[in-house]
Amino acid sequence: MASSVSSQQDHQVLVEANSSARILSLNRPKQLNALSFQMISRLLELFLAYEEDPNVKLVILKGKGRAFCAGGDVAAVVRDIRGDDWRAGAKFFLKEFTLNYLMATYSKPQVSILNGIVMGGGAGASVHGRFRVATENSVFAMPETALGLFPDVGASYFLSRLPGFFGEYVGLTGSRLDGAEMLACGLATHFVPSAKLAMLEAALCIVDSSDPVIISSIVDQYCEQPSLKEQSVYKRLDVIDRCFSQKTVEEIISALERELVHKMDVWISTTIQTLKKASPTSLKISLRSIREGRLQGVGQSLVREYRMVCHVMRGEVSKDFFEGCRAILLDKDKNPKWEPSKLELVTDSRVDRYFSKMNTEEWEDLKLPTRSKHKLPLYAIAKL
Amino acid sequence: MDRAFQRTKILTNHLLQSSPSSPAQIPSLSSNACLDYSPPELSEGYAFDIKEMRQLLDGHHVADRDWLFGMMMQSKLFNPRVRGGKVFVSPDYNQSMEQQREMTWKRIVYLLERGVFKGWLTEKGEEAEMRKFAYFEAVGLFDHSIAIKLGVHFFLWGGAIQFFGTKHHHDKWLRDTENYLIKGCFAMTELGHGSNVRGIETVTTYDSNTGEFVINTPCESAQKYWIGGAANHATHTIVFSQLNINGTNQGVHAFIAQIRDAVGNVCPNIRIADCGHKIGLNGVDNGRIWFDNVRVPRENLLNSVADVSADGKYLSSIKDPDQRFAAFLAPLTAGRVNIAVSAVYQSKVGLAIAIRYALTRRAFSVKPNEPEVLLLDYPSHQRRLVPLLAKTYAMSFAANYLKMLYVKRTPQSNKTIHVVSSSFKAVFTWNNMQILQECREACGGQGLKTENRVGHLKGEHDVQSTFEGDNNILMQQVSKALFAEYVAAQKKNKAFKGLGLEHMNKPCPVIPSQLTSATLRCSQFQMDALCLRERDLLKCFVLDVSQHQAKGESKEHAFIMSYQLAEDLSRAFSDRAIFQKFVEAEATLAAGSLKDVLGMLRSLYALICIEDVAFLRYGYLSVDNAAAVRREITKVCSELRPHALALVSSFGIPDAFLSPVAFNWIDANSWSSVQH
């Protein structure tokens with residue numbers, strides 16, 4: 001019995017060994033490959049093993065079905081916490097962030113094939129890796145602020161490093177990006193039409209090298225330069241920079257409103273509406289997180305985000321996360337009642353609490369796995 | 001078998017090579033033997049919470065600082081460049097002087113548009129003033145030129161209007177200044193007079209027929225010199241000038257004069273020339289100004305302490321010209337506070353770079369075939385850098401105190417502010433130059449590259465020991481002020497109060513004849529030693545001056561002749577005052593690893609002060625005790641060695657504001673990083 005459960009769980013991540021490449025497929029297509037605790041544990045186990053295995057040179061990560069990965073399995077986390085154990089939720093994120101750190105500092109190249117939905121935890125499982133291949137089917141978003149959470153999985157590190165203040169925009173609004181936009185802003189490193197993915201995979205399986213320059217040149221052969229659609233947000237960078245560079249969420253919103261004074265603009269008014277619908281607490285801690293992440297290494301960012309997520313799970317400062325999950329994922333009434341309900345009620349000292357250590361017994365900061373044993377590639381060293 | 005195979009492979013490679021050998025093709029031979037950059041983050045641990053330490057050091061507005069750092073990093077105007085996979089922001093100092101000035105100006109416009117200067121002159125109160133300090137410090141970590149250009153406009157021009165002007169000046173100028181509708185400068189220094197402001201030669205008279213002041217530069221030595229902003233951008237200036245009313249000189253007063261029109265043409269009767277290329281600060285357009293009987297309306301006199309009536313009568317509530325002048329200049333201490341604080345942040349940059357480099361750079365093996373030794377594992381290298389780290393921590397706490405003293409200023413605290421800001425400005429800027437030089441040398445040749453910052457910063461900040469009061473003169477003022485305190489206490493037979501001199505009322509501390517390690521680490525002993533020196537030198541100085549006076553010399557001449565004691569005394573005062581702030585900061589902490597580390601730094605700071613030659617010169621320490629102090633210093637240095645990375649990380653300077661040599665300097669210099 002036990003063995004059949006575990007083998008069923010093992011099926012959530014399919015493994016193909018193809019000469020020196022390992023192809024890992026996230027396999028929960030009905031749930032859009034949302035990461036369960038088992039999947040995260042399995043991925044962690046596999047990545048750790050591959051690092052030790054000299055026969056493995058390259059890891060390819062992809063998703064079964066129409067999603068790469070729609071995020072962490074938040075519904076399951078909430079079920080656990082409802083059982084009154086926030087620590088179970090914390091355990092989930094501890095594993096997930098450890099995996100994110102391992103991917104960010106991985107000694108071998110990871111190629112993620114982002115042929116579909118990439119959201120939240122899915123971004124965390126791919127963007128930290130060396131190669132991210134977008135396609136015409138890619139849909140990227142960090143939708144956490146609508147859910148009462150904040151962009152985690154190391155997003156404060158990678159969003160803050162996007163051009164200008166695009167990261168603040170993507171992280172606060174949860175705006176969806178397509179493959180062309182992902183490539184333009186740097187979330188993706190390559191764009192390959194989905195029709196060519198099979199050939200790309202085959203080529204990667206015979207490359208037999210961990211050298212990023214060689215792998216890059218292989219991917220380049222299948223690469224195309226997509227053009228941004230007419231209405232692309234990436235063409236609005238000037239407005240985004242002017243508004244999303246403001247110091248506080250309130251000032252960001254008033255800057256957007258000022259833009260409207262001169263000229264009606266559907267995109268700007270939608271953006272304002274989106275911000276006004278999101279959890280005020282989420283918006284404030286997300287902005288602060290991205291701003292801190294911009295000045296921190298990936299490890300420090302994850303340690304900080306782990307503190308934050310533990311506060312969210314424990315629900316002492318705000319219970320918006322549970323309310324968000326109820327309204328969006330469980331009851332699906334799409335009408336969350338945030339508490340505090342207004343931005344001005346979320347004081348600085350409330351925000352500060354998310355960034356402090358948890359003052360409960362037996363809680364510890366995230367301990368990052370030791371990385372000194374392996375020779376890290378240059379791009380990983382630069383992230384420390 | 002394996003060996004044979006490898007041998008064949010090498011030979012094949014060798015034979016197949018048609019072009020001159022490229023090392024990339026024989027990785028098995030090249031990469032293993034070479035040095036790898038090993039990031040200190042992976043090997044060095046943090047024994048305390050560096051965020052908590054940073055909060056203690058920065059003291060205030062940490063998130064606001066980070067916002068501004070991000071604002072600079074995310075803009076192309078701040079010249080981001082990728083080295084070794086990381087982004088660094090720093091001006092391109094290889095640009096011409098004119099280009100650097102234009103870039104500095106563009107950066108200011110960008111920050112203005114993003115609302116960074118909102119409230120700098122129109123908002124009042126402690127919170128607003130402290131926030132302004134925080135922003136100013138953060139901008140100064142990018143570049144000295146931008147900080148100085150802002151400092152001249154907001155603190156000197158804007159400050160003069162605020163402090164020397166009255167309501168109608170405030171209403172007319174402050175908001176427009178904050179929005180840069182006008183660009184201000186501050187014309188005080190002349191070719192012939194700098195520190196001696198009262199000796200300036202510019203002359204202003206009043207014409208009651210037209211109700212105008214007439215400002216004139218009567219001779220070449222009266223030309224205004226080093227006026228930041230004057231050469232290219234400024235539209236208005238504060239002019240310091242003698243005011244001559246009906247043939248009576250009323251002393252130095254300040255006037256507002258326009259020097260350029262809105263499109264940048266120099267106004268009639270104004271002549272402006274450039275100060276030329278400098279050893280640093282080339283992003284600041286320093287200029288020289290001559291006034292050829294320039295006429296300004298009567299209300300352009302900044303009339304907080306004195307005014308001239310429409311019919312030409314001189315009016316002042318303060319009759320004594322000495323007091324009038326002192327009251328007039330007192331508010332300008334903001335500049336000295338800024339300089340002192342800025343010097344501490346530059347030292348942080350230098351030390352963060354040099355220590356990070358020392359944690360990744362190796363040199364010489366102790367035994368053959370052993371790995372080379374990490375620079376910071378040499379006791380001698382620790383001895384060079386770790387005491388400077390302690391000094392920088394001490395200065396940080398003292399700087400926070402100085403800022404609070406300034407922000408909470410009252411008419412009663414003017415004297416304290418003057419003495420403390422003079423002392424800290426001089427000592428911090430001197431220390432900064434010493435620290436940057438040591439850090440430059442500790443980075444070896446890499447320290448010479450402009451992109452690595454540490455060497456370049458010396459040229460940029462050398463000026464700090466001269467502007468806003470020459471350091472030597474400031475230190476003389478410190479000893480004169482202490483002299484006055486001593487004489488007053490004796491005359492009135494009253495206890496010492498203020499300037500931290502209360503220890504003079506207690507019995508003289510005694511230094512044990514044999515200093516043990518435990519005693520040397522005890523803060524009471526450390527304080528006693530520093531107080532003993534200050535107390536004795538103050539007595540000696542007073543005695544020396546009075547002996548000169550007994551020979552019939554004037555007090556002024558006596559001060560000039562007693563300069564050696566004066567110098568030692570002002571040093572003693574400064575060291576003790578700084579140490580006191582360190583002790584106070586430490587006392588605010590609960591027991592724990594943070595406090596333990598600060599305790600070690602505090603001891604190290606005290607010991608390097610006590611190591612000063614004055615302790616032997618005046619006999620406060622025996623030769624044996626002096627040796628014990630030196631021994632203890634090496635011990636504390638080695639105990640602090642494991643905390644070196646955490647201590648510089650706590651400075652809170654973003655990686656992007658350090659330099660390539662502080663990170664992966666091998667990758668930053670690799671062939672693949674060369675543009676080809």
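Over residues 528-658 of chain B, how much of the chain is helix, how much is strand, and how far apart are the end C-alpha atoms?

Analyst: The model is a predicted one, and the stretch you ask about, residues 528-658 of chain B, is 77% helix and 0% strand, with its end C-alpha atoms 38 Å apart. An unreviewed UniProt entry annotates these residues of chain B as "domain: Acyl-CoA oxidase C-terminal".

B:Thr189 sits in the loop of chain B that runs between β3 (184-187) and β4 (203-207), and B:Thr189 is partly exposed, with a relative accessible area of 29%. Leaving aside residues up to four places away in sequence, B:Thr189 touches B:Gly194, B:Gln223, B:Lys224, B:Tyr225 and B:Ile227. B:Gly228, for its part, is found in strand β6 of chain B, which covers residues 224-228, and B:Gly228 counts as buried at 10% relative accessibility. With residues up to four places away in sequence again left out, the contacts of B:Gly228 are B:Val152, B:Cys185, B:Val284, B:Asp285 and B:Asn286.

Turning to chain A, a helix packing comes next. Helix α7 (residues 166-173) and helix α11 (residues 237-244) of chain A pack at an angle of about 80°, with their axes 8 Å apart, and α7(A) and α11(A) are therefore roughly perpendicular to each other. On the side of α7(A) the contact involves A:Phe166, A:Glu168, A:Tyr169, A:Leu172 and A:Thr173, which meet A:Leu237, A:Ile240, A:Asp241 and A:Phe244 in α11(A). The residues of this contact of α7(A) with α11(A) divide into six nonpolar, one polar and two charged. Helix α7(A) is mostly covered, as eight of its eight residues are buried; among the buried residues of α7(A) are A:Gly167, A:Val170 and A:Gly171. After α7(A) comes A:Gly174, whose phi is positive, near 70°.

Helix α11(A) has a further partner, because α11(A) also packs with helix α12 (residues 249-262) of chain A, at an angle of about 135° and with the axes 8 Å apart, and that makes α11(A) oblique to α12(A). The contact is made by A:Val239, A:Arg242, A:Cys243 and A:Phe244 of α11(A) together with A:Ile252, A:Ala255, A:Leu256 and A:Glu259 of α12(A). In the contact of α11(A) with α12(A), the residues divide into six nonpolar, no polar and two charged. A:Phe244 of α11(A) takes part in the contact with α7(A) and also in the contact with α12(A).

A:Ser19 has a positive phi of about 45° although it is not a glycine, and A:Ser19 lies in the loop of chain A between β1 (13-18) and β2 (21-26), where A:Ser19 is exposed, with a relative accessible area of 52%. A:Leu32, not a glycine either, has a positive phi of about 55°; A:Leu32 is found in the loop between β2 and α2 (37-52) of chain A and counts as partly exposed at 22% relative accessibility.

Finally, strand β2 of chain A includes A:Leu26, a residue that is buried, with a relative accessible area of 0%. A:Leu26 and A:Ala67 are 41 residues apart in sequence and 9.2 Å apart in space, C-alpha to C-alpha. Not counting residues up to four places away in sequence, A:Leu26 touches several residues, including A:Gln12, A:Leu35, A:Met39, A:Leu43, A:Leu61, A:Phe68 and A:Cys69.

Technical notes. Residues numbered from 1 in each chain as written. Chains lettered and ligands numbered in written order. Predicted model: local features only at pLDDT ≥ 70, side-chain atom pairs only at ≥ 80, totals over all residues. Heavy atoms only, no water. Helix = DSSP H or I, 4+ residues; strand = E, 2+ residues; numbered from the N terminus. Buried < 20%, exposed > 50% of the residue type's maximum accessible area, 1.4 Å probe, protein only. Contact = heavy atoms within 4.5 Å. Axes fitted to C-alpha atoms, helices over the stretch in contact; angles between N-to-C directions. Parallel < 35°, antiparallel > 145°, perpendicular 65-115°, else oblique. Nonpolar A, V, L, I, M, F, W, Y, C, P; charged D, E, K, R; others polar. UniProt positions renumbered as here; feature names shortened; annotations may be inferred.
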